[in-house]
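Please look at the sequence and the structure below before reading on.

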Amino acid sequence: MKTIVKLLRKPIAASILAIVVGFIIAAIVLAAAGYAPGPSFAAMFNGMIGRPKYISNVIIKATPIILTGTAVAFAFKTGLFNIGAEGQYILGTICAVIVGVTFNLPPLLQIPLVILAGTLGGALGGAAVGWLKARFGINEVITSIMFNWISLYLCNFVVNTQTFHQPESTSTFPVNPSSYTMILPQWKLSEEGLNALSGTPWLYEVLVKTDVNIGILIAVAAAILIAVLLKRTKIGYEMRAVGLNREAAQFAGINVNRNIVTCMLISGALCGLAGALSVTGLEPHNISTLAAFENNGFNGLSVAFIAGSSPIGCIFAGLLFSGLIYGGQSVQQVMGAPSDIINIMIGTIVFLMALSQIVPMIADRLERKSKGAENA
Amino acid sequence: MEVGPDYAVQMHGIVKVFGSFRALDGVDLDVKKQSIHAILGENGAGKSTLMNVLYGLYQADGGDVFLNGERVSITSPTEAIKHGIGMVHQHFMLVENFTVTENIVLGEEVCSGAGVLDMAKARQEVVKIVEEYGLEVDPDALIEDITVGMQQRVEILKALYRGADTLILDEPTAVLTPQEIEQLIKIMRDLVSKGKTIIIITHKLKEIMSSADECTIIRRGRYMGTVDVSKTNETELASKMVGRHVNLSVDKGPANPGETVLSIRDLHVKDDRGIEVVKGLNLDVRAGEIVGIAGIDGNGQKEFVDAIDNLVHAEAGTIEIKGKQIQNTTPKTTIDTRVATVPSDRHRWGLVLPFTVAENAVLERHNEEQFGHGIMLDLAKVEEFTRGLIEEYDIRPEGCETHTASGLSGGNQQKVIIAREVSSEPDLLVAVQPTRGLDVGAIEFVHKALIRERDRGAAILLVSLELDEVMDVSDTIAVIHDGQIVGSFAQGTVTEEQVGLLMAGGGNE
């Protein structure tokens with residue numbers, strides 16, 4: 001009993017419990033709808049990790065949401081709710097495309113330039129929200145929702161400008177190939193490359209059949225960097241102080257308003273980075289007219305929630321989230337069960353995470369019960 | 001103790017356990033009818049827990065409760081009220097924009113046959129109780145317009161309106177001025193003479209001596225005995241409460257004032273509603289002396305200290321620290337000018353509660369090179385520094401540098417703040433209500449720390465609503481009224497009554 005109580009007190013316990021319960025609820029819903037839960041989950045996991053190609057795709061799809069998740073988690077730790085991750089992501093894609101189409105430098109210069117442009121775009125979007133809050137006290141939730149729509153229509157505007165619009169499509173031109181961040185983009189499709197790869201089937205699958213790119217490395221590095229920033233630097237210390245007790249921070253001589261702008265800027269930069277990496281790393285390397293949000297930012301909110309706002313946790317939560325969505329398609333293909341079951345599962349997990357305060361309470365109650373049993 | 005009808009309340013062998021913590025461990029309480037019974041204990045000793053058991057907010061894990069000699073089981077406040085028990089909480093539970101009458105009848109409204117509120121009749125009933133117990137209060141005034149002392153009367157009236165025979169007052173004097181405290185004691189006496197029984201929870205010895213008949217002492221959840229107040233004295237009560245001998249008088253040598261450190265001239269500050277509350281304040285504090293500001297809450301104390309700390313804008317006037325003007329700069333400038341402040345509200349301004357003790361110990365000082373080179377923060381060094389403070393200032397529990405600050409007791413939280421502020425060796429130490437909510441042992445510690453800082457050569461500005469504290473600790477007593485210093489006296493040249501009069505605005509003419 002004591003070990004259970006101890007385990008429940010660990011911050012990660014809430015996340016794991018939420019995920020387990022999410023699976024149980026999904027199993028019940030599946031069973032109620034007449035689908036066997038066991039084989040459905042088997043199909044899902046097979047669709048996640050059954051083939052090298054699947055694993056590669058899960059990682060590719062995890063990249064942007066690890067970054068937007070980290071962005072939301074970081075903002076949350078500093079007392080801000082960045083619901084504008086979606087818009088900042090879009091700004092990142094716009095800036096990356098503008099710069100990637102306009103310039104055509106050698107990859108060693110071009111790639112950093114395009115990624116930097118996207119990161120800056122997102123950072124500006126975030127900083128604007130932060131500035132409005134610091135200067136005029138406007139709640140960041142309201143402004144960042146507005147900025148989401150501003151970004152969406154800005155994207156559609158850019159798509160339709162003469163300079164960038166690709167004729168007879170709803171998209172811009174793709175960025176110049178020198179911006180591509182896939183691994184060996186030219187070689188892997190050349191005859192020589194295809195021949196070399198055919199010897200190792202898994203590598204062939206991963207490289208040729210998916211857009212495997214360096215984004216995941218950057219995302220993981222960014223999450224670790226943010227964790228270090230928060231926990232091991234003076235500025236991170238100030239940011240956490242502002243997040244946990246704004247008045248005490250102000251009293252201690254910390255410039256609260258400057259911190260708000262800086263935090264939103266960093267959060268936005270992470271989202272912009274996610275957008276830029278999507279443009280450079282994935283087909284079709286451009287932006288298209290958006291009728292609705294693509295949820296790269298909003299899913300980041302879920303990821304941050306599942307991770308309990310831990311930047312490192314966002315790496316795993318992002319992979320899980322991406323795995324569920326990607327593997328969920330197989331449930332439909334194999335079992336005929338609607339893939340909406342995945343949404344039910346994710347919804348349950350996020351909902352339970354919102355209730356995560358309950359877990360330490362369960363620990364307390366268990367402890368009391370076991371004490372009562374001992375005393376009796 | 002025999003159970004009998006002579007006792008309004010008897011609680012025998014009460015045990016209350018929270019998790020692994022025994023908050024109450026066999027506590028007895030025997031309250032005679034028509035008496036004022038004090039419950040004395042340090043913060044966290046279990047006073048409030050005991051009363052919450054009586055009021056039905058907590059269920060005891062052991063022990064019996066008797067009312068008028070009858071064994072009862074009280075499982076909710078509703079039942080407690082039915083049994084004639086009323087409670088006035090430390091934090092008032094009043095609707096600010098309702099009238100006194102509306103607040104009193106709230107939840108027990110007087111209705112006509114058709115279920116329509118009958119406020120006229122309600123008002124009559126309220127007036128009847130007000131007259132019966134001599135509790136002067138305007139039944140039609142809005143709560144937000146009346147003083148804190150009046151609001152407390154409304155709380156008492158609420159309990160009486162519900163037919164309470166036994167009134168529990170939780171720390172009733174914490175928010176009152178000396179004059180209001182006197183009035184409250186008179187009200188309590190009147191109520192007792194009219195047949196009521198009163199239980200007051202407090203850690204203030206002086207009030208027990210001046211109001212209570214008997215006093216039950218609790219230390220760390222254990223029953224330490226019940227004494228007849230007329231046969232004891234403050235020192236004995238304090239020793240019983242803390243468990244060791246406590247020095248109640250403030251021990252200090254004569255002050256040795258040096259150069260002027262803080263000099264405020266013609267300071268004007270507006271409060272957050274835009275009303276001018278500091279109206280041309282002048283004040284000097286020299287190195288090596290403690291200047292205490294006596295005053296009733298809301299006379300500009302908060303705003304003029306906030307102006308020193310640069311948390312608010314000064315409309316006019318100057319604030320100089322050793323000749324350097326710092327008004328209307330930034331909080332950081334104040335700190336960098338070697339001014340340290342112990343804030344009035346430690347939870348709001350003093351600590352980041354979810355931070356560890358170590359993280360809190362370097363708030364304001366985290367940018368110093370000793371806590372990490374460049375942008376890095378070296379937690380190991382911060383913790384090492386904190387361990388030194390924990391030892392020097394006897395912050396408990398030992399090894400708490402990695403605990404969150406919220407887990408510490410109020411006294412130890414205050415020690416963390418004082419340790420932090422004092423360890424920077426400031427030229428000016430501003431202490432606002434530094435002993436608020438602390439128990440005797442911790443108060444002694446805080447006062448000693450202030451005097452030690454004075455003797456080191458710091459200028460000390462003490463702002464307190466506790467007149468005793470200002471009178472005992474200060475070398476110079478300055479009285480604030482309506483945003484101005486209306487009098488300044490060397491310690492020993494003025495009586496508490498004279499100061500009280502100035503605080504209330506008298507003696508100006």
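Predicted model: local features only at pLDDT ≥ 70, side-chain atom pairs only at ≥ 80, totals over all residues.

Two packed helices are described by the angle between their axes and the distance between the axes. In chain A, helix α5 (residues 85–102) and helix α7 (residues 140–159) pack at an angle of about 25 degrees, and their axes are 8 Å apart. Because angles under 35 degrees count as roughly parallel, α5(A) is roughly parallel to α7(A). The crossing of these two helices, α5(A) and α7(A), is left-handed. On the α5(A) side the contact includes Ile90(A), Leu91(A) and Ile94(A), while the residues of α7(A) that take part include Phe147(A), Leu152(A) and Val158(A). Sorted by class, the contact of α5(A) with α7(A) holds 10 nonpolar, four polar and one charged residues.

The second pair, also in chain A, consists of helix α4 (residues 52–77) and helix α15 (residues 311–335), which pack at an angle of about 135 degrees with their axes 7 Å apart. These helices, α4(A) and α15(A), are therefore oblique to each other, and their crossing is right-handed. Among the residues that meet here are Ile65(A), Gly69(A) and Phe74(A) from α4(A), together with Gly318(A), Phe321(A) and Tyr326(A) from α15(A). The contact of α4(A) with α15(A) comprises 14 nonpolar, six polar and one charged residues.

Between the chains, the contact takes 24 residues from chain B and 18 residues from chain A. On the side of chain B that touches chain A, α10 (331–336) and α11 (346–350) of chain B each supply at least two residues, and the residues of that side divide into 14 nonpolar, six polar and four charged.

Methods: Residues numbered from 1 in each chain as written. Chains lettered and ligands numbered in written order. Contact = placed C-beta atoms within 7 Å. Helix = DSSP H or I, 4+ residues; strand = E, 2+ residues; numbered from the N terminus. Nonpolar A, V, L, I, M, F, W, Y, C, P; charged D, E, K, R; others polar. Axes fitted to C-alpha atoms, helices over the stretch in contact; angles between N-to-C directions. Parallel < 35°, antiparallel > 145°, perpendicular 65-115°, else oblique. Left-handed = near helix turned anticlockwise from the far one by under 90°.
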